Amino acid sequence: MKPAPFEYEAPESLDAALELMQEHGSEAKLLAGGQSLIPVMNFRLAQPAMLVDLNRLAELDFIRPGENGSVRIGAMTRMTRLERYAELERYSPLLAEAIPFIAHPQIRNRSTLGGSLSHADPAAEAPAVCLAEGARFRLARASGERWVAANDFFQGLFETVLEPEEILVEIELESPPVRTGSSFQEIARRQGDYALAGVAASVRLRDDGVIDAARLIFFSVGDQPVDATAAAGLLAGETPSAALYEAAAIEAAEKEIDPVGTIHATPDFTRHLVGVLTRRALALAVTRAQEASA
Amino acid sequence: MTAPHEVRLTVNGTPRRAETEPRTLLSDFLRHDLGLTGTHVGCEHGVCGACTILLDGEPVRSCLVFAVQADGHEITTVEGLAPGVDDLHVLQEAFWEAHGLQCGFCTPGFLLTLVPFLERHPDPTEHEIRVAISGNLCRCTGYQNIVDAVLLAAEMMRSSAVAGPTVQE
(Lines give C-alpha, C1' and ligand atoms only; values in the text may rest on other atoms or scores of the structure.)
Protein backbone atom coordinates (compact mmCIF):
# COMPACT_ATOMS: atom_id res chain seq x y z
CA MET A 1 0.00 0.00 0.00
CA LYS A 2 1.91 3.01 -1.27
CA PRO A 3 0.63 6.34 -2.52
CA ALA A 4 0.70 7.09 -6.24
CA PRO A 5 3.27 9.67 -7.34
CA PHE A 6 2.46 13.35 -6.85
CA GLU A 7 4.12 16.73 -7.10
CA TYR A 8 4.92 18.18 -3.71
CA GLU A 9 4.92 21.83 -2.69
CA ALA A 10 5.59 23.06 0.83
CA PRO A 11 5.04 26.82 0.76
CA GLU A 12 6.60 28.91 3.51
CA SER A 13 3.83 31.52 3.63
CA LEU A 14 0.06 31.60 3.36
CA ASP A 15 0.34 33.95 0.38
CA ALA A 16 2.50 31.41 -1.43
CA ALA A 17 0.04 28.64 -0.58
CA LEU A 18 -2.88 30.71 -1.90
CA GLU A 19 -0.96 31.43 -5.12
CA LEU A 20 -0.38 27.70 -5.58
CA MET A 21 -4.06 26.94 -5.03
CA GLN A 22 -5.05 29.72 -7.42
CA GLU A 23 -2.97 28.02 -10.09
CA HIS A 24 -3.41 24.31 -9.24
CA GLY A 25 -6.56 24.21 -7.07
CA SER A 26 -8.46 21.86 -9.33
CA GLU A 27 -5.82 19.10 -9.31
CA ALA A 28 -4.07 19.83 -6.00
CA LYS A 29 -5.05 18.68 -2.53
CA LEU A 30 -4.14 20.55 0.62
CA LEU A 31 -2.14 18.51 3.12
CA ALA A 32 -2.94 19.55 6.70
CA GLY A 33 -2.43 16.91 9.41
CA GLY A 34 -2.76 14.19 6.80
CA GLN A 35 -4.40 11.76 9.19
CA SER A 36 -7.35 11.21 6.85
CA LEU A 37 -5.77 12.09 3.51
CA ILE A 38 -2.63 9.94 3.77
CA PRO A 39 -4.54 6.73 4.62
CA VAL A 40 -6.74 7.11 1.54
CA MET A 41 -3.64 7.89 -0.53
CA ASN A 42 -1.96 4.77 0.88
CA PHE A 43 -4.97 2.82 -0.36
CA ARG A 44 -4.83 4.79 -3.63
CA LEU A 45 -8.44 5.77 -3.10
CA ALA A 46 -7.12 9.30 -3.60
CA GLN A 47 -4.44 10.06 -6.19
CA PRO A 48 -3.99 13.82 -6.21
CA ALA A 49 -1.58 15.13 -8.84
CA MET A 50 -0.17 17.63 -6.36
CA LEU A 51 -0.03 18.08 -2.62
CA VAL A 52 0.28 21.56 -1.16
CA ASP A 53 1.62 20.95 2.33
CA LEU A 54 0.46 23.57 4.86
CA ASN A 55 2.65 22.28 7.68
CA ARG A 56 5.31 24.95 7.23
CA LEU A 57 2.78 27.73 7.81
CA ALA A 58 3.47 28.72 11.41
CA GLU A 59 1.16 31.67 10.79
CA LEU A 60 -1.82 29.27 10.77
CA ASP A 61 -0.85 27.63 14.08
CA PHE A 62 -2.25 29.90 16.79
CA ILE A 63 -4.80 30.24 19.55
CA ARG A 64 -5.57 33.81 20.50
CA PRO A 65 -8.39 35.69 22.19
CA GLY A 66 -10.72 37.50 19.81
CA GLU A 67 -13.32 40.20 20.44
CA ASN A 68 -16.40 39.77 22.65
CA GLY A 69 -15.04 36.78 24.53
CA SER A 70 -14.31 34.74 21.44
CA VAL A 71 -11.26 32.64 20.65
CA ARG A 72 -9.60 32.51 17.25
CA ILE A 73 -7.86 29.33 16.26
CA GLY A 74 -5.52 28.95 13.31
CA ALA A 75 -6.58 26.19 10.94
CA MET A 76 -3.23 24.37 11.31
CA THR A 77 -3.48 24.20 15.10
CA ARG A 78 -3.08 20.57 16.05
CA MET A 79 -5.62 18.78 18.24
CA THR A 80 -2.98 18.06 20.90
CA ARG A 81 -2.22 21.75 21.24
CA LEU A 82 -5.93 22.45 21.71
CA GLU A 83 -6.21 19.56 24.16
CA ARG A 84 -3.45 21.11 26.29
CA TYR A 85 -4.87 24.63 26.09
CA ALA A 86 -6.38 25.04 29.55
CA GLU A 87 -8.58 28.00 28.56
CA LEU A 88 -10.34 26.13 25.78
CA GLU A 89 -13.12 24.97 28.10
CA ARG A 90 -14.09 28.58 28.75
CA TYR A 91 -14.38 29.41 25.05
CA SER A 92 -15.72 26.15 23.73
CA PRO A 93 -16.66 23.61 26.37
CA LEU A 94 -17.90 21.26 23.65
CA LEU A 95 -14.62 21.27 21.75
CA ALA A 96 -12.68 20.77 24.97
CA GLU A 97 -14.92 17.83 25.87
CA ALA A 98 -14.80 16.33 22.37
CA ILE A 99 -11.07 16.35 21.68
CA PRO A 100 -10.18 13.28 23.79
CA PHE A 101 -12.67 11.32 21.65
CA ILE A 102 -10.87 12.26 18.43
CA ALA A 103 -8.91 9.17 17.44
CA HIS A 104 -5.73 8.42 19.41
CA PRO A 105 -2.92 10.53 20.89
CA GLN A 106 -0.62 9.74 17.94
CA ILE A 107 -3.29 11.00 15.54
CA ARG A 108 -4.08 14.11 17.59
CA ASN A 109 -0.38 15.01 17.53
CA ARG A 110 -0.73 15.54 13.77
CA SER A 111 -4.37 16.25 13.02
CA THR A 112 -5.50 19.85 12.78
CA LEU A 113 -8.79 21.58 13.49
CA GLY A 114 -8.90 23.14 10.02
CA GLY A 115 -8.08 19.85 8.34
CA SER A 116 -10.85 17.99 10.13
CA LEU A 117 -13.41 20.69 9.27
CA SER A 118 -12.36 20.92 5.62
CA HIS A 119 -12.47 17.13 5.25
CA ALA A 120 -16.09 17.15 6.54
CA ASP A 121 -16.21 13.50 7.50
CA PRO A 122 -19.77 12.86 8.74
CA ALA A 123 -18.35 10.75 11.58
CA ALA A 124 -15.93 13.43 12.78
CA GLU A 125 -16.37 15.27 16.05
CA ALA A 126 -15.08 18.74 15.10
CA PRO A 127 -17.76 19.64 12.51
CA ALA A 128 -20.58 18.72 14.93
CA VAL A 129 -19.00 20.73 17.71
CA CYS A 130 -18.50 23.78 15.49
CA LEU A 131 -22.12 23.60 14.37
CA ALA A 132 -23.34 23.36 17.96
CA GLU A 133 -21.13 26.26 19.05
CA GLY A 134 -22.09 28.47 16.11
CA ALA A 135 -18.48 28.74 14.94
CA ARG A 136 -17.40 30.95 12.05
CA PHE A 137 -14.73 30.08 9.54
CA ARG A 138 -12.45 32.41 7.59
CA LEU A 139 -11.81 31.17 4.06
CA ALA A 140 -8.97 32.77 2.13
CA ARG A 141 -8.11 32.86 -1.55
CA ALA A 142 -5.44 34.76 -3.45
CA SER A 143 -7.92 37.53 -4.30
CA GLY A 144 -9.51 37.96 -0.87
CA GLU A 145 -11.36 36.23 1.93
CA ARG A 146 -14.84 35.55 3.31
CA TRP A 147 -16.32 34.50 6.62
CA VAL A 148 -18.76 31.59 6.58
CA ALA A 149 -20.90 30.32 9.46
CA ALA A 150 -20.51 26.63 10.31
CA ASN A 151 -24.21 26.29 9.48
CA ASP A 152 -23.52 27.23 5.86
CA PHE A 153 -20.13 25.54 5.55
CA PHE A 154 -21.03 21.84 5.55
CA GLN A 155 -22.81 20.70 2.40
CA GLY A 156 -22.88 16.92 2.54
CA LEU A 157 -20.67 13.85 2.53
CA PHE A 158 -17.10 15.24 2.52
CA GLU A 159 -18.58 18.37 0.92
CA THR A 160 -18.14 21.95 2.04
CA VAL A 161 -18.54 25.37 0.43
CA LEU A 162 -14.75 25.58 -0.01
CA GLU A 163 -13.85 26.40 -3.61
CA PRO A 164 -10.84 24.58 -5.11
CA GLU A 165 -8.64 27.68 -4.73
CA GLU A 166 -9.72 28.43 -1.15
CA ILE A 167 -8.09 27.53 2.15
CA LEU A 168 -9.83 27.49 5.53
CA VAL A 169 -7.41 29.58 7.58
CA GLU A 170 -9.11 30.40 10.86
CA ILE A 171 -11.91 29.30 13.15
CA GLU A 172 -13.69 31.64 15.54
CA LEU A 173 -15.62 30.28 18.52
CA GLU A 174 -17.60 32.49 20.85
CA SER A 175 -17.87 31.81 24.55
CA PRO A 176 -21.31 30.44 25.41
CA PRO A 177 -23.80 32.97 26.83
CA VAL A 178 -24.69 32.91 30.52
CA ARG A 179 -26.84 30.09 31.92
CA THR A 180 -25.70 27.82 29.11
CA GLY A 181 -24.62 24.23 29.58
CA SER A 182 -23.44 21.70 27.06
CA SER A 183 -22.57 18.05 26.76
CA PHE A 184 -20.66 16.02 24.20
CA GLN A 185 -21.47 12.32 24.03
CA GLU A 186 -20.50 9.54 21.68
CA ILE A 187 -20.56 5.78 21.59
CA ALA A 188 -17.73 3.96 19.84
CA ARG A 189 -16.82 0.31 19.84
CA ARG A 190 -13.34 1.06 21.18
CA GLN A 191 -11.61 4.13 22.60
CA GLY A 192 -10.65 6.36 19.67
CA ASP A 193 -12.69 4.56 17.02
CA TYR A 194 -15.15 6.46 14.88
CA ALA A 195 -18.38 6.90 16.79
CA LEU A 196 -21.36 4.69 16.00
CA ALA A 197 -23.34 7.80 16.89
CA GLY A 198 -22.65 11.00 18.77
CA VAL A 199 -24.20 14.28 19.83
CA ALA A 200 -23.08 17.78 20.71
CA ALA A 201 -25.81 19.37 22.83
CA SER A 202 -26.18 22.84 24.21
CA VAL A 203 -28.95 24.23 26.42
CA ARG A 204 -29.54 27.81 27.54
CA LEU A 205 -31.83 28.45 30.51
CA ARG A 206 -33.89 31.52 31.37
CA ASP A 207 -33.31 33.00 34.80
CA ASP A 208 -36.42 31.16 36.05
CA GLY A 209 -34.88 27.83 35.06
CA VAL A 210 -37.07 27.22 32.01
CA ILE A 211 -35.25 26.21 28.83
CA ASP A 212 -34.78 29.24 26.62
CA ALA A 213 -33.17 27.50 23.66
CA ALA A 214 -31.40 24.23 22.86
CA ARG A 215 -29.24 22.85 20.11
CA LEU A 216 -28.72 19.18 19.25
CA ILE A 217 -26.20 18.24 16.57
CA PHE A 218 -25.87 14.55 15.79
CA PHE A 219 -22.92 13.05 13.93
CA SER A 220 -22.03 9.68 12.46
CA VAL A 221 -25.73 9.14 11.75
CA GLY A 222 -25.88 10.09 8.07
CA ASP A 223 -23.98 11.80 5.29
CA GLN A 224 -23.39 14.98 7.31
CA PRO A 225 -23.98 16.31 10.83
CA VAL A 226 -27.69 16.63 11.59
CA ASP A 227 -29.09 19.72 13.28
CA ALA A 228 -32.15 18.33 15.10
CA THR A 229 -34.16 21.54 15.12
CA ALA A 230 -37.53 19.92 15.79
CA ALA A 231 -36.25 18.09 18.88
CA ALA A 232 -34.59 21.29 20.05
CA GLY A 233 -37.83 23.16 19.40
CA LEU A 234 -39.72 20.83 21.74
CA LEU A 235 -37.39 21.89 24.55
CA ALA A 236 -37.71 25.66 24.19
CA GLY A 237 -40.05 27.22 26.72
CA GLU A 238 -40.32 24.03 28.78
CA THR A 239 -39.26 23.14 32.31
CA PRO A 240 -36.45 20.55 32.26
CA SER A 241 -37.59 17.02 33.11
CA ALA A 242 -36.79 13.44 32.22
CA ALA A 243 -40.09 13.21 30.32
CA LEU A 244 -39.13 16.24 28.25
CA TYR A 245 -35.75 14.74 27.36
CA GLU A 246 -37.53 11.54 26.38
CA ALA A 247 -39.86 13.43 24.05
CA ALA A 248 -36.89 15.17 22.42
CA ALA A 249 -35.04 11.85 22.15
CA ILE A 250 -37.99 10.23 20.35
CA GLU A 251 -38.37 13.20 18.01
CA ALA A 252 -34.67 13.15 17.11
CA ALA A 253 -34.30 9.39 16.82
CA GLU A 254 -37.52 8.70 14.93
CA LYS A 255 -37.93 11.75 12.75
CA GLU A 256 -34.79 13.78 12.35
CA ILE A 257 -32.16 11.25 11.42
CA ASP A 258 -32.19 8.86 8.51
CA PRO A 259 -29.44 6.32 9.17
CA VAL A 260 -28.60 3.96 6.32
CA GLY A 261 -26.98 1.34 8.54
CA THR A 262 -23.46 -0.05 8.53
CA ILE A 263 -21.97 -3.43 9.35
CA HIS A 264 -21.59 -2.21 12.94
CA ALA A 265 -24.97 -0.56 13.44
CA THR A 266 -28.31 -1.21 11.80
CA PRO A 267 -30.61 1.81 11.33
CA ASP A 268 -32.70 0.68 14.31
CA PHE A 269 -29.63 0.40 16.52
CA THR A 270 -28.45 3.85 15.42
CA ARG A 271 -31.87 5.27 16.35
CA HIS A 272 -31.65 3.54 19.71
CA LEU A 273 -28.20 5.07 20.33
CA VAL A 274 -29.41 8.53 19.33
CA GLY A 275 -32.25 8.24 21.84
CA VAL A 276 -29.90 7.18 24.63
CA LEU A 277 -27.36 9.88 23.79
CA THR A 278 -30.04 12.58 23.61
CA ARG A 279 -31.36 11.79 27.08
CA ARG A 280 -27.87 11.65 28.57
CA ALA A 281 -26.65 14.79 26.85
CA LEU A 282 -29.69 16.88 27.72
CA ALA A 283 -29.68 15.84 31.37
CA LEU A 284 -25.99 16.73 31.70
CA ALA A 285 -26.22 19.94 29.68
CA VAL A 286 -29.14 21.17 31.81
CA THR A 287 -27.30 20.30 35.03
CA ARG A 288 -24.29 22.24 33.79
CA ALA A 289 -26.47 25.19 32.78
CA GLN A 290 -28.02 25.17 36.27
CA GLU A 291 -24.55 25.11 37.83
CA ALA A 292 -23.50 27.98 35.58
CA SER A 293 -26.60 29.95 36.72
CA ALA A 294 -26.05 29.32 40.42
CA MET B 1 8.07 8.72 -10.40
CA THR B 2 8.47 12.34 -9.43
CA ALA B 3 11.72 14.17 -8.87
CA PRO B 4 13.43 13.20 -5.61
CA HIS B 5 13.57 15.73 -2.80
CA GLU B 6 16.42 16.06 -0.38
CA VAL B 7 15.48 15.30 3.22
CA ARG B 8 17.75 16.41 6.04
CA LEU B 9 16.70 15.42 9.51
CA THR B 10 18.08 14.32 12.86
CA VAL B 11 17.44 10.70 13.73
CA ASN B 12 18.26 9.51 17.23
CA GLY B 13 20.56 12.49 17.67
CA THR B 14 22.48 11.94 14.42
CA PRO B 15 22.06 14.25 11.40
CA ARG B 16 21.04 12.22 8.35
CA ARG B 17 20.26 13.13 4.77
CA ALA B 18 18.83 11.21 1.84
CA GLU B 19 16.95 11.84 -1.36
CA THR B 20 13.51 10.41 -1.80
CA GLU B 21 10.30 10.77 -3.77
CA PRO B 22 7.62 12.89 -2.10
CA ARG B 23 5.33 9.86 -1.88
CA THR B 24 7.75 7.94 0.35
CA LEU B 25 6.20 7.41 3.75
CA LEU B 26 8.38 8.26 6.72
CA SER B 27 8.07 4.65 7.88
CA ASP B 28 9.55 3.36 4.61
CA PHE B 29 12.18 6.10 4.56
CA LEU B 30 13.41 5.08 8.01
CA ARG B 31 13.47 1.39 7.11
CA HIS B 32 14.67 1.42 3.50
CA ASP B 33 16.66 4.61 3.11
CA LEU B 34 18.16 4.85 6.59
CA GLY B 35 18.25 1.12 7.41
CA LEU B 36 16.44 1.56 10.72
CA THR B 37 14.22 -1.51 10.62
CA GLY B 38 13.21 -1.28 14.26
CA THR B 39 10.22 0.79 13.16
CA HIS B 40 7.68 -1.84 12.17
CA VAL B 41 5.07 -1.48 9.47
CA GLY B 42 1.73 -3.11 10.18
CA CYS B 43 -1.43 -1.76 8.60
CA GLU B 44 -0.03 1.30 6.78
CA HIS B 45 -3.22 3.24 7.23
CA GLY B 46 -2.99 4.55 10.75
CA VAL B 47 -4.83 1.89 12.70
CA CYS B 48 -2.29 -0.44 14.30
CA GLY B 49 0.29 1.93 15.80
CA ALA B 50 3.25 -0.39 15.06
CA CYS B 51 5.10 2.36 13.16
CA THR B 52 4.82 4.95 15.95
CA ILE B 53 7.95 7.11 16.23
CA LEU B 54 8.67 10.43 17.93
CA LEU B 55 8.53 13.51 15.72
CA ASP B 56 9.97 16.43 17.68
CA GLY B 57 9.34 14.44 20.84
CA GLU B 58 5.69 13.58 20.21
CA PRO B 59 4.44 10.15 19.13
CA VAL B 60 3.09 10.04 15.59
CA ARG B 61 2.34 7.28 13.13
CA SER B 62 5.21 7.28 10.65
CA CYS B 63 2.97 5.68 7.98
CA LEU B 64 0.82 8.84 8.06
CA VAL B 65 3.65 11.30 7.48
CA PHE B 66 5.62 11.73 4.26
CA ALA B 67 9.38 11.63 4.65
CA VAL B 68 9.68 15.04 2.97
CA GLN B 69 7.57 16.48 5.78
CA ALA B 70 10.21 15.42 8.32
CA ASP B 71 12.79 17.65 6.64
CA GLY B 72 14.38 19.78 9.36
CA HIS B 73 12.77 17.81 12.19
CA GLU B 74 13.98 15.47 14.91
CA ILE B 75 13.01 11.82 14.90
CA THR B 76 13.43 9.20 17.59
CA THR B 77 12.99 5.54 16.72
CA VAL B 78 13.21 2.48 18.94
CA GLU B 79 16.91 2.27 18.07
CA GLY B 80 17.38 5.56 19.91
CA LEU B 81 15.79 4.58 23.22
CA ALA B 82 18.51 2.57 24.99
CA PRO B 83 21.44 4.53 26.40
CA GLY B 84 23.97 2.06 24.94
CA VAL B 85 24.23 -1.18 22.97
CA ASP B 86 24.39 -3.29 26.13
CA ASP B 87 21.68 -1.40 27.98
CA LEU B 88 17.93 -1.09 27.81
CA HIS B 89 15.71 1.91 28.39
CA VAL B 90 13.86 1.59 31.71
CA LEU B 91 10.63 0.98 29.83
CA GLN B 92 12.26 -1.78 27.75
CA GLU B 93 13.58 -3.28 30.99
CA ALA B 94 10.07 -3.22 32.45
CA PHE B 95 8.57 -4.82 29.30
CA TRP B 96 11.15 -7.60 29.69
CA GLU B 97 10.50 -8.03 33.42
CA ALA B 98 6.70 -7.98 33.16
CA HIS B 99 6.55 -10.08 29.97
CA GLY B 100 5.00 -7.17 28.11
CA LEU B 101 5.67 -8.75 24.72
CA GLN B 102 5.48 -12.09 23.03
CA CYS B 103 6.23 -11.86 19.31
CA GLY B 104 7.47 -8.28 19.73
CA PHE B 105 6.18 -6.91 16.44
CA CYS B 106 4.07 -4.21 18.10
CA THR B 107 6.63 -3.42 20.83
CA PRO B 108 8.55 -0.55 19.19
CA GLY B 109 5.28 1.31 18.62
CA PHE B 110 4.17 0.75 22.20
CA LEU B 111 7.52 1.92 23.56
CA LEU B 112 7.57 5.13 21.52
CA THR B 113 3.95 5.85 22.46
CA LEU B 114 4.68 5.33 26.14
CA VAL B 115 8.01 7.08 26.68
CA PRO B 116 6.52 10.61 26.33
CA PHE B 117 3.37 9.46 28.14
CA LEU B 118 5.42 8.48 31.20
CA GLU B 119 7.21 11.82 31.13
CA ARG B 120 3.86 13.60 31.32
CA HIS B 121 2.28 11.05 33.67
CA PRO B 122 4.92 9.81 36.11
CA ASP B 123 2.30 8.08 38.27
CA PRO B 124 -0.36 6.89 35.82
CA THR B 125 -3.49 4.95 36.68
CA GLU B 126 -4.29 1.73 34.85
CA HIS B 127 -7.13 3.54 33.06
CA GLU B 128 -4.81 6.33 31.87
CA ILE B 129 -2.41 3.71 30.54
CA ARG B 130 -5.17 1.92 28.67
CA VAL B 131 -6.32 5.17 27.07
CA ALA B 132 -2.71 6.03 26.18
CA ILE B 133 -2.19 2.72 24.36
CA SER B 134 -5.62 2.74 22.70
CA GLY B 135 -3.96 3.51 19.36
CA ASN B 136 -1.63 0.51 19.47
CA LEU B 137 -2.74 -3.01 18.62
CA CYS B 138 -1.14 -6.10 20.16
CA ARG B 139 -2.39 -9.53 19.07
CA CYS B 140 -0.35 -11.59 21.57
CA THR B 141 -0.48 -10.26 25.10
CA GLY B 142 -4.09 -9.28 25.64
CA TYR B 143 -2.57 -6.00 26.92
CA GLN B 144 -2.59 -7.01 30.59
CA ASN B 145 1.17 -7.55 30.75
CA ILE B 146 1.78 -4.37 28.79
CA VAL B 147 -0.21 -2.41 31.37
CA ASP B 148 1.74 -4.17 34.13
CA ALA B 149 5.00 -3.27 32.39
CA VAL B 150 4.05 0.41 32.23
CA LEU B 151 3.09 0.46 35.91
CA LEU B 152 6.44 -1.21 36.70
CA ALA B 153 8.36 1.25 34.52
CA ALA B 154 6.65 4.20 36.20
CA GLU B 155 7.60 2.79 39.59
CA MET B 156 11.21 2.22 38.46
CA MET B 157 11.42 5.76 37.06
CA ARG B 158 9.98 7.30 40.21
CA SER B 159 12.34 5.43 42.51
CA SER B 160 15.37 6.34 40.37
CA ALA B 161 14.18 9.97 40.32
CA VAL B 162 14.02 9.90 44.13
CA ALA B 163 17.39 8.12 44.36
CA GLY B 164 18.98 10.46 41.82
CA PRO B 165 19.83 13.49 43.95
CA THR B 166 21.03 11.26 46.82
CA VAL B 167 23.63 9.72 44.54
CA GLN B 168 24.79 13.16 43.43
CA GLU B 169 25.24 14.30 47.01
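The contact between the two chains takes 25 residues from chain B and 26 residues from chain A, two residues being in contact if their C-beta atoms, placed from the backbone, lie within 7 Å. The model is predicted, so local features need pLDDT of at least 70 and side-chain atom pairs count only at pLDDT 80 or more, whereas totals for chains, interfaces and linings use all residues. Residues are numbered from 1 along each chain as its sequence is written, and chains are lettered from A and ligands numbered from 1 in the order in which they are written. On the side of chain B that touches chain A, the elements giving two or more residues are β4 and α4 (126-132) of chain B; helices (H or I, at least four residues) and strands (E, at least two) are DSSP runs, numbered from the N terminus. The most is given by β4(B), with four residues. By class, this side of chain B has ten nonpolar, ten polar and five charged residues. In this classification Ala, Val, Leu, Ile, Met, Phe, Trp, Tyr, Cys and Pro count as nonpolar, Asp, Glu, Lys and Arg as charged, and the others, Gly among them, as polar.

Chain B is divided into domain 1 (5-80) and domain 2 (90-161), with bounds that come from an automatic or database domain assignment. Taken over C-alpha atoms, the centres of domain 1 and domain 2 of chain B are separated by 22 Å. Their contact takes 15 residues from domain 1 of chain B and eleven residues from domain 2 of chain B. On the domain 1 side, β3 and β4 of chain B are the elements that give two or more residues, and β3(B) gives the most, with three residues. The side of domain 1 of chain B that touches domain 2 of chain B has seven nonpolar, seven polar and one charged residues.

An open sheet in chain B has five strands in the order β2-β1-β5-β3-β4, with mixed pairing; two strands pair if DSSP finds at least two bridges between them. Because β2 (14-20) and β4 (58-61) of chain B stand at the edges, each with a single partner strand, one side of each is left without a neighbour in the sheet. From one strand to the next the twist averages 40°, where axes are lines fitted to C-alpha atoms, for helices over the stretch in contact, and angles run from 0 to 180 degrees between N-to-C directions. Within this sheet, β1 (residues 5-11) and β5 (residues 74-76) of chain B pair in the parallel sense over two bridges, and Glu74(B) in β5(B) is the bridge partner of Thr10(B). Helix α3 (residues 107-120) of chain B lies across β3 (52-55), β4 and β5 of chain B and runs at about 40° to β3(B).

The loop between β3 and β4 of chain B holds Asp56(B). This residue has a positive phi of about 50° although it is not a glycine. Asp56(B) is partly exposed, with 13 other C-beta atoms within 10 Å; a residue is buried if 20 or more other C-beta atoms lie within 10 Å of its own, exposed if 12 or fewer, and partly exposed in between, with C-beta atoms placed from the backbone. In chain A, Ala103(A) is a residue other than glycine with a positive phi, near 50°. Ala103(A) has its place in the loop between α5 (93-98) and α6 (105-108) of chain A and is buried, with 25 other C-beta atoms within 10 Å.

Chain A contains an open sheet of five strands in the order β4-β5-β10-β6-β7, with antiparallel pairing. Its edges are β4 (63-65) and β7 (144-149) of chain A, each with a single partner strand, so one side of each lacks a neighbour in the sheet. The twist averages 25° from one strand to the next. Strands β4(A) and β5 (residues 70-74) of chain A pair over three bridges in the antiparallel sense, and Ile73(A) in β5(A) is the bridge partner of Ile63(A).

Strand β13 (residues 211-219) of chain A has seven of its nine residues buried, so it is largely enclosed by the rest of the structure. With β12 (residues 195-205) of chain A, β13(A) pairs in the antiparallel sense over eight bridges, and Phe219(A) in β13(A) is the bridge partner of Gly198(A). The hairpin of β12(A) and β13(A) has five residues between the strands, and Gly209(A) in the turn has a positive phi of about 90°. β13(A) also pairs in the antiparallel sense with β14 (residues 226-227) of chain A, over two bridges.
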